[in-house]
Amino acid sequence: MYAMATEGPEKTGEESAGAGTGIGGTRYDLEKETELRFEVDSGEKVQLELLTGLAEVFGSELNRNKKYTFGPGSKIAVFTWQGCSVALFGKTEVAYVSKDTPMLLYLNTHAALEQMRRQAERENERGPRVMVVGPTDVGKSTVCRLLLSYAVRLGRRPTLVELDVGQSAVSVPGTMSALCIERPADVEEGYSVQAPLVYHFGSTSPGTNIKLYNKLTSCLAEVFSQRCEVNRKASVGGCIINTCGWVKSSGYHALVHCASAFEVDVVLVLDQERLYNELKRDLPHFVRVVLLPKSGGVVERSKDCRRETRDEKIREYFYGFRSTSFFPHAFDVRFSDVRIYKIGAPSIPDSCLPLGMSQDDTQLKLVPVTPGRDLTHHVLSVSCADEGEDGTGGVRRGVLESPVCGFIVVTNVDTQAQVMTVLSPAPRPLPRHTLLIMDIRFIDLK
Amino acid sequence: MSMGTRTQRMMIQGCLSNMAEQNKTADVKSSNELLSPSELFKARTRSHKIPGRGQKDFIPSGSNEQEARLQQNLEEHWSLVLEERVERLGNLVKAVWIPSDRIVELQSPAGKFWQTMGFSVHGKQCLHPEEALYLMECGNLQVFYQDLPLSIQEGYERFLNSKTMSIQHYQVFGHLKRLGYVVNRFDPSSVPSQYERQLNIPLSRERSGRQLKRKRSHSPTHRTQEGPTTEGTEVKDRDGGKERMNPEAPPDMDETQMASQEDPSTSAQGVQGRSWWSKGGTPDLQPELPGQSQSSGSPRWDFRSLPFPDLGSRDKHRGSLASPDPCLLPEAVGSVGPCDVAPWLLRLNLWQGRMSRREQDQYRRDINQDREVQRCRNWAEYRKLQEKRSQLKRKNRPAHLWEGPVTPLHDPAQPCSTGELMDKINVLKPSRLLEGASRLKGSDEWRICFNVYQPDTVAEFKKSSPGKPYSRMCVCSFDGPVPDLRTLKVLAFQSGDIPVTYAVVDHGDISFYSFKDFQIPTDVLPQILNDNPALTAGLSLLDSRVYQKIQASGK
């Protein structure tokens, strides 16, 4: 399960020294260009403190003598370029120091990208647009975070385009989003999410509606290009696109489509040579395809683990990081006040069509949903779409292409009174009345 | 009261043809002549009932009997109109006509009419000319001009002109007054704005009215001063509404907007950019130039000079990767050594996976072997090429149906609900009275003249706070043009939630018209079909008989 385990990690932790310094902490002295990897048991938490030297977690620097807390299920790698010593407090499932990291390759990649940004700045062009692809569990998100953090630390303003609908780092799952990165991700909390551009996809797998997925990719690309045209800094910063781990058949085509929509300059393929060769063949010659190894520290995540992360992400949307900072509102919404749609209609059998015709756009159809008991616990996106004055025909246009202004969860449905109770980040009323239903459910316990 | 009203109607109906006689009666009255008791007695007991008029007056059947009857009616009418009218001098309120202000100022205390008519200026009680004329006709008011009493005819002549009010307007006014309605002039500024209506704040007119009573001075600027402040609160409210729920606005909005304002200069910058390119090598001076124009012959990035650590291209990195320039790295990283690539090459995932034959066929060709693709230098060119090629390929639809100037109304491959299909068939789009009205500009020709309040509100009516009118009146003539749609829209919008009635004057007769929104019902399929788009789409291809069958079975 742990790739590194087979490679014989050399454990250089000096318990004796640790016992001398910390109060129950374990001290690790890291050599130059090595990293400390540890995982936190479920139900536990671990604190990390940098004692001497410089170290970073996924590109974000650690402050000396500050204790960082990591909750259950965290999988962390502390990397040092010049050597450092850190201390861990609490029970770790596994903790070891590894010399064997591809960080130097990643750093070289960053250097090349930075060189491109300099050229862009010099020549008044747009900066590099990078797409990170690879199968599941190869560290795509981590590589994105690294590259973004390094770029931001040099004063760039890159944009993160999050196309991974299963595990979004920006918004709740089931969405596709773009976020302007202005500071390195927080060591504990991740990106500071301010004014992201979020589109509703509605499911955790792009395969459920690949047409919608491609369409939203194009939408994001268009908005990003518009932004680049007016914001020089964003243009030079370029973007880093995180993609899904689905790299076969339709998933692969979605990648090619994304490359074309965003007009990417560089594609970083993690780990899989086959994907690398395919993309080299299917992308035009002016796109640089780069094959990079995955880090040995990458851990495979089980289905349950993914589900938990998704749940946590939704909870974080409503209650804030570690359920402390936000206090959501609960109120009733009458059925008559909102219109709920699902994207994608069932397809018609070919026998219903005239000879020689084929249907094309059922996947992008808006289907009205009659509110009922089965709506309970579903996550709904509040669409920003302009609502037509008459509310009959005009509203349908543009719902797909409109970003989302927020999310609500249906906690209860009363079919008698024709109302549903929702959990919402803002007090009533809802800012818009067009709601899009997600396949994703969230049960508001805790 | 009722008697007065009847006399009044007689007066107005006869007024055009009968001026001379009226003149005489008025003259007689105005000369302060005292009547003998017998004459007074006669005037009191005489029936003042005016003969009713009906359809037969306008569409006579032509029989002698009917003609005689009509003639008799008419004579009765005439005689009543001719009659001298008798009023008690003490009951008459005295007033003076002030032509410069076009108002009538009361000299003695006002009567009961003051509840619904007139206004105060600088502590003086005044009447509008139409009100004065109406009261004169009712026998409640005596108006003096240059110390001489005015006859009713003189009243008509002096009070009704282009600067005050036309005869038609007065006829409508008088008619409604006689029916018991409270009628006053319409002031456009009294209509609350859309925003005020939404907030349901008290009418500003009421406020200014009260102030007028206290200060005894008219302040027309009051409202205009208030305008901007309400707008200010509106803006503030909207801003306050933006919270966490609105990440729609992209970050750096200010920057974006500022830059887009500078957009018009982009073309000039483009020219400069090019001249800079030919000079070759000064640092950029135009940071706002969008980096899209690429006219150079080769792709933009020279990837040979960009040291990407690509493990895929084996031939290049046999040995190790040179250490990157420290200035490209974050400070804390410092300088790092060269990187040995070799061990990583052994660790790559070389698993090829299983490919179906179809996939193999599909992926067999490298697109970059294509000459045309090789010639593309950037995405824009490449996409153009792709589009060109796909256009050649795409010919799915039956050509004879879709390539002519007339195409089918509906593409069967696009499923849509019945409602949408109905919309497509609907060639004439329905319009609402208020639709788009806010953008239209009003004309001078048509305007709302009166606010009308229902008779049953008279008891509680207050001039300072009249409340919501029952209706608003726009006056026009049968001889004039019919109000067009634009007028209807503008006036309806101006009036807001209060209906506008059009009073059409045909000499003495007045007809009232109003325009109301209505919707022609459209036949919408039952819920079962709306919930099932596949079924609906299929149905759109079938004829209605089949549909009826399905409907029956659906039940």
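Analyst: A disulfide here is a pair of cysteine sulfur atoms within 2.5 Å. In general, it is a covalent bond between the sulfur atoms of two cysteines. Keep in mind that this is a predicted model.

User: How many disulfides does that rule give over all chains?

Analyst: The count is 0. Take A:Cys228: the closest cysteine sulfur belongs to A:Cys239 and lies 7.2 Å away, so the two are too far apart for a bond.

User: Is A:Cys228 buried or exposed?

Analyst: A:Cys228 has a relative accessible area of 4%, so it is buried. A:Cys305, on the other hand, comes out at 22% relative accessibility and therefore counts as partly exposed. The cut-off that matters is 20%: buried means under that value.

User: Which residues does A:Phe262 touch?

Analyst: Leaving out residues up to four places away in sequence, its contacts include A:Val161, A:Leu220, A:Phe224 and A:Ile241. A:Cys239 and A:Arg129 are also among them.

User: How do I read a pair of helices?

Analyst: Look at how their axes run. H2(A) and helix H3 of chain A, residues 140–153, have axes that come within 10 Å and cross at roughly 50°. Because of that angle, H2(A) is oblique to H3(A). The crossing of H2(A) past H3(A) is right-handed.

User: Which residues meet there, between H2(A) and H3(A)?

Analyst: From H2(A), the residues include A:Tyr106, A:Leu107, A:His110 and A:Leu113. They meet a set in H3(A) that includes A:Val143, A:Leu146 and A:Tyr150.

User: Last one: where is A:Leu291?

Analyst: A:Leu291 sits in strand E16 of chain A, residues 288–292. Its relative accessibility is 0%, so A:Leu291 counts as buried. Now check its neighbours in both chains. With residues up to four places away in sequence left out, A:Leu291 touches A:Val269 and A:Tyr276, among others, and also residues of chain B, including B:Pro309, B:Leu311 and B:Leu348. Sequence distance is worth a look too: A:Gly134 is 157 residues from A:Leu291 along the chain, yet their C-alpha atoms are separated by 9.7 Å.

Methods
Residues numbered from 1 in each chain as written. Chains lettered and ligands numbered in written order. Predicted model: local features only at pLDDT ≥ 70, side-chain atom pairs only at ≥ 80, totals over all residues. Heavy atoms only, no water. Buried < 20%, exposed > 50% of the residue type's maximum accessible area, 1.4 Å probe, protein only. Contact = heavy atoms within 4.5 Å. Helix = DSSP H or I, 4+ residues; strand = E, 2+ residues; numbered from the N terminus. Axes fitted to C-alpha atoms, helices over the stretch in contact; angles between N-to-C directions. Parallel < 35°, antiparallel > 145°, perpendicular 65-115°, else oblique. Left-handed = near helix turned anticlockwise from the far one by under 90°.
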